[in-house]
Amino acid sequence: MKILGISGSLRKASYNTHLLEAAREAIGSAATFATFDIGGIPHYHGDQDGEEKPPSVQKLKDDIASADGVVIATPEYNYSLPGVLKNAIDWASRPAFKSVLKDKPIIVLSASMSATGGARAQVHLRDILAGVLAPVFAAPDFLVPTAQNKFDDDGKLTDTPTQEMLQKRMDSYLEWVRRLSS
Ligand code: FNR
């Protein structure tokens, strides 16, 4: 199985990117795990969304198409998801209702320095993914609140309860993806 990870944060020391790395560890040898950096994706531009697309956009679409499932770890910006993540989804979402996101099993994670852990970003992201016909793993929101206390300076997830919860969540997510792809 192939799993693709996408972080909604572009910064190097992003807790969400660190959370994706923790998800990679939790997946272990159960699947291959690659990440896609959305930092190079241009603003959505309908005139560039023809047969030939910007190379980074084409790569995003190809990577999603060839993955059995997608893990998205998103920060919350002003009670929603970051614009860069929405923009990447907009590119990937075309043609409408027939895109590479259609029927792609997705799991949403979030980390935030606040006590709410990105819950409001997840609500918006789940709604957007419903609009592109991508099923989201049905489970209570996976939130990492006060993320600054849960990762070490090297970006490793050190909080044991969060690690254990992530392991269980990724195990059951992979089981779901496996069931859907068989
Ligand atoms: C934030 N942050 C934030 N946090 C939150 O829980 N709710 C929010 O509405 C916001 N709003 C917000 C807006 C903007 C523009 C920024 C830059 C930040 C804080 C944010 O969650 C925190 O900085 C995370 O650490 C960002 O995620 P990464 O970059 O660490 O993955």
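This is a predicted model: local features need pLDDT of at least 70, side-chain atom pairs count only at pLDDT 80 or more; totals for chains, interfaces and linings use all residues.

Which residues are exposed on the other side of α5? They are Pro161, Glu164, Lys168 and Arg179, where exposed denotes over 50% relative accessible area, buried under 20%, and partly exposed in between (1.4 Å probe, protein chains only).

Residues are numbered from 1 along each chain as its sequence is written, and side-chain values use heavy atoms, with hydrogens and water left out.

**First stop: helix α5**

Select residues 160-181, which form helix α5. Helices (H or I, at least four residues) and strands (E, at least two) are DSSP runs, numbered from the N terminus. The 22 residues of α5 reach 31 Å from the first C-alpha to the last, close to the 32 Å expected at 1.5 Å a residue; the expected span is 1.5 Å times one less than the number of residues.

Now colour Thr162, Leu166, Arg169, Met170, Tyr173, Leu174, Trp176 and Val177, the buried residues of α5. They cover an arc of only 160° around the axis, and therefore lie on the same side of α5; the arc is that of the directions from the helix axis to the C-beta atoms. An α-helix has 3.6 residues a turn, so residues three or four places apart point the same way. The buried residues of α5 pack against β1, α1 (15-27), β3, β4 and β5 (142-144).

Select Arg169, which counts as buried at 15% relative accessibility. Leaving aside residues up to four places away in sequence, Arg169 touches Ile107, Phe137, Ala139, Pro140, Asp141 and Phe142, a contact being heavy atoms within 4.5 Å. A polar atom of the Arg169 side chain lies 2.6 Å from the backbone oxygen of Pro140.

Move to Thr162, which is buried with a relative accessible area of 6%. The side chains of Thr162 and Asp159 are joined by a polar contact of 2.4 Å. A polar contact is a pair of N or O atoms within 3.5 Å; within protein, one must be able to donate a hydrogen and the other to accept it, and residues adjacent in sequence count only if both atoms are side-chain atoms.

Select residues 69-74. Six of the six residues of strand β3 are buried, so β3 is largely enclosed by the rest of the structure. Gly69, Val71 and Ala73 lie on one side, and Val70, Ile72 and Thr74 on the other.

Ser7 has Ala73 of β3 as its bridge partner. Ile72 stands opposite Val108 in β4.

**Last stop: helix α2**

Select residues 55-66, which form helix α2. Which residues of α2 are buried? They are Val57, Leu60, Lys61, Asp63 and Ile64. These residues cover an arc of only 165° around the axis, which puts them on the same side of α2. Their cover includes β1, β2 (32-36), β3 and α3.

Conventions:
Two strands pair if DSSP finds at least two bridges between them.
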